[in-house]
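Please read these notes with the model open beside you.

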Amino acid sequence: QVQLVESGGGLVQAGGSLRLSCVASGRTFNTMGWFRQAPGKEREFVAAKGVPNTIYSDSVKGRFTISSDNAKNTIYLQMNSLKAEDTAIYYCAAAVSAFASIRSALYNYWGQGTQVTVSS
């Protein structure tokens, strides 16, 4: 059974940092990434790491960094210079495809999400 389990969310002041983790079990994936959903908004792409590419949304580029530990089947999202508008539930996603994409429909598995709240 495939599972994605996120951790690392919490409450932080604007300008602070958090690191999210996502551990995949049950199989390995070529691409893993992060999406987020703020209250009253649609889920949006944040960052993803595939085999040939790593991509970020414009809103987090330069502030967030996605990385992976293949031996642990884990990905991380280091979030620096956090803003109030980064407040959302952050979801880990995994895809069989080797090419990272911003399209949520291409991701086969999803975690339950972890709350990130940035106070201004």
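1. Asparagine 73 is buried, at a relative accessible area of 16% (buried means under 20% relative accessible area, exposed over 50%, partly exposed in between, with a 1.4 Å probe and protein chains only). This residue lies in the loop between S7 and S8. Asparagine 73 is not a glycine, yet has a positive phi of about 55 degrees.

2. A word on the source: this is a predicted model, in which local features need pLDDT of at least 70 and side-chain atom pairs count only at pLDDT 80 or more, while totals for chains, interfaces and linings use all residues. Residues are numbered from 1 along each chain as its sequence is written, and side-chain values use heavy atoms, with hydrogens and water left out.

3. Strands are DSSP runs (E, at least two residues), numbered from the N terminus. S7 (residues 64-69) and S8 (residues 74-79) pair in the antiparallel sense over six bridges; pairing requires that DSSP finds at least two bridges between two strands. Phenylalanine 64 stands opposite methionine 79 in S8.

4. Serine 81 is a second residue to check: it is not a glycine but has a positive phi of about 50 degrees. Serine 81 sits in the loop between S8 and S9 and, at 41% relative accessibility, counts as partly exposed.

5. Which residues have the most contacts inside the largest nonpolar core? They are Met32, Trp34, Leu77, Met79 and Tyr90, in a core of 25 residues. Such a core is a set of buried Ala, Val, Leu, Ile, Met, Phe, Trp, Tyr and Cys residues joined through side-chain atoms within 4.5 Å. Strands S3 (18-25), S4, S5 (44-49), S7, S8, S9 (88-95) and S11 (114-119) each supply at least two residues of this core. Apart from it lies another core, of seven residues, including Phe35, Ala48, Ala95 and Ala100. In soluble globular proteins, nonpolar side chains tend to be buried together.

6. Threonine 114 is in strand S11 and counts as buried at 11% relative accessibility. Leaving aside neighbours within four places in sequence, threonine 114 is in contact with residues including Glu6, Gly8, Leu20 and Tyr90 (contact means heavy atoms within 4.5 Å). The C-alpha atoms of threonine 114 and glycine 8 are separated by 7.4 Å, although the two residues are 106 residues apart along the chain.

Technical notes. Helices (H or I, at least four residues) and strands (E, at least two) are DSSP runs, numbered from the N terminus.
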